[in-house]
Amino acid sequence: MTPRDDSESSGPRRSRWSDLERPPLNAAAVRRALVREGSLWREVDVVQRTGSTNSDLVARAAEGGLQEGVVLVAEEQTAARGRLDRQWVAPARSGLFFSVLLRPGDGVPMERWGWLPLLTGVAVATGLARAGGVDTALKWPNDLLVTVGGEERKAGGILAEATGDGGVVVGVGVNVSLRADELPVPTAGSLALAGAVSTDRDPLLRAVLRGLEDWYGRWRAAGGDAGACGLQEAYAAGCATLGRVVRAELPGDRALVGEAVAVDGDGRLILATEAGVQEPVGAGDIVHLLAG
């Protein structure tokens with residue numbers, strides 16, 4: 001299929017401005033707000049359409065010479081992925097779809113890099129609350145939850161991938177203006193459906209990236225010690241998984257059921273099982289079973 005040029009089409013004239021509820025991002029304004037002397041963010045690129053911002057940024061990093069602080073934003077993604085290679089599908093300009101390149105190697109031991117998705121989750125949730133006025137919660141390890149009609153719904157996700165040269169690309173996808181008939185699955189949600197006071201993506205993106213810069217700076221300054229920089233406490237305060245009975249679906253077709261009682265210093269979820277032991281979970285899919 002040949003990509004459609006939004007500036008021309010057969011029939012009634014259309015443009016990228018046609019959906020007035022979903023205007024394009026103001027790339028120049030976002031750059032002016034974020035790329036400045038002393039900032040983490042060195043470059044902010046906005047593309048109209050791509051397969052996956054994560055894949056694109058990982059590929060660019062593999063070519064060598066790419067500095068920390070590059071941000072790649074897409075108005076639409078056609079092959080976006082979440083954890084476990086799940087697809088992420090959304091209409092053009094209906095959400096925030098972006099990836100950032102981080103290089104925490106200097107001064108942060110690799111065993112603490114597992115905090116990067118959790119750190120990003122705190123930054124995203126905080127930024128969306130401030131700029132969008134919507135209550136959000138975090139599901140360990142990388143989902144953003146909102147409440148729609150009294151039900152918990154997934155409105156966003158985070159995916160971290162190593163670049164192979166000491167870097168990490170962290171991708172974020174958030175449903176902003178999706179309507180009910182556009183949801184990919186019944187358990188999905190969006191900021192609009194959760195009653196956000198604003199779905200203007202420009203301030204939302206700026207707030208999220210500023211929050212990410214702030215938390216990443218604190219975490220690096222503490223040598224990746226999430227307890228010392230306050231990240232561990234902030235994550236626990238916003239984590240909807242803690243206090244619930246959950247099922248952890250682990251690699252190798254294993255499963256573990258227990259109450260999620262803590263997130264440890266390495267970012268692992270600690271489950272208290274019926275056997276009376278506490279089991280750390282470092283990777284896996286978490287299913288919320290009961291409220292705490």
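In which loop does Pro141 lie? Select Pro141 and look to either side: the residue is in the loop between E6 and strand E7 (143-148). The peptide bond from Trp140 to Pro141 is cis, with omega near 0 degrees. Helices (H or I, at least four residues) and strands (E, at least two) are DSSP runs, numbered from the N terminus.

**Before going on**

This is a predicted model, in which local features need pLDDT of at least 70, side-chain atom pairs count only at pLDDT 80 or more, and totals for chains, interfaces and linings use all residues. Residues are numbered from 1 along each chain as its sequence is written, and side-chain values use heavy atoms, with hydrogens and water left out.

Colour by pLDDT, the predictor's confidence in each residue, from 0 to 100. The protein has a mean of 90, and 89% of its residues reach 70 or more. Now select residues 1-18, where the pLDDT is below 50. Beyond near neighbours in sequence, this stretch has 14 contacts in the model. Contact means heavy atoms within 4.5 Å.

**The seven-stranded sheet**

Show the strands in the order E1-E2-E5-E9-E8-E7-E6. They form an open sheet with mixed pairing. Two strands pair if DSSP finds at least two bridges between them. Strand E1 (43-47) and strand E6 (137-139) stand at the edges, each with a single partner strand, so one side of each has no neighbour in the sheet. On average, neighbouring strands here are turned by 20 degrees against each other, direction ignored.

Zoom in on strand E2 (residues 70-74) and strand E5 (residues 95-102). Four bridges pair them in the antiparallel sense. Which residue in E5 does Ala74 stand opposite? Ala74 faces Phe97.

Step back to Arg93, in the loop between strand E4 (87-88) and E5. Arg93 is not a glycine, yet has a positive phi of about 60 degrees.

Next, select helix H2 (residues 53-62). H2 lies across E1, E2, E5, strand E8 (151-162) and strand E9 (168-175). H2 runs at about 20 degrees to E5. Axes are lines fitted to C-alpha atoms, for helices over the stretch in contact, and angles run from 0 to 180 degrees between N-to-C directions.

**Helix H4 and its partners**

Select helix H1 (residues 27-34) and helix H4 (residues 201-221). They pack at an angle of about 30 degrees, with their axes 10 Å apart. H1 and H4 are therefore roughly parallel to each other. Angles under 35 degrees count as roughly parallel, over 145 as roughly antiparallel, 65 to 115 as roughly perpendicular and the rest as oblique. H1 passes H4 in a right-handed crossing. A crossing is left-handed if the near helix is turned anticlockwise from the far one by less than a right angle, and right-handed if clockwise.

Show side chains. Val30, Ala33 and Leu34 in H1 meet H4 residues including Asp202, Leu205 and Arg206. By class, this contact of H1 with H4 has five nonpolar, no polar and three charged residues. Ala, Val, Leu, Ile, Met, Phe, Trp, Tyr, Cys and Pro count as nonpolar, Asp, Glu, Lys and Arg as charged, and the others, Gly among them, as polar.

H3 and H4 pack at an angle of about 140 degrees, with their axes 8 Å apart. That makes H3 oblique to H4. Their crossing is right-handed. Among the contact residues are Leu119, Val122 and Gly127 of H3 and Ala207, Gly211 and Trp215 of H4. The contact of H3 with H4 has 16 nonpolar, four polar and no charged residues.

**From H3 to H5**

H3 and H5 pack at an angle of about 65 degrees, with axes 10 Å apart. This crossing of H3 and H5 is left-handed. Trp115, Leu118, Leu119 and Val122 of H3 touch Leu231, Gln232, Ala234 and Tyr235 of H5.

**Last stop: a hairpin**

Select strand E12 (residues 269-272) and strand E13 (residues 278-281). They run antiparallel, joined by four bridges. Leu269 stands opposite Val281. Five residues lie between E12 and E13 in this hairpin. Finish at Gly276 in the turn, with a positive phi of about 85 degrees.
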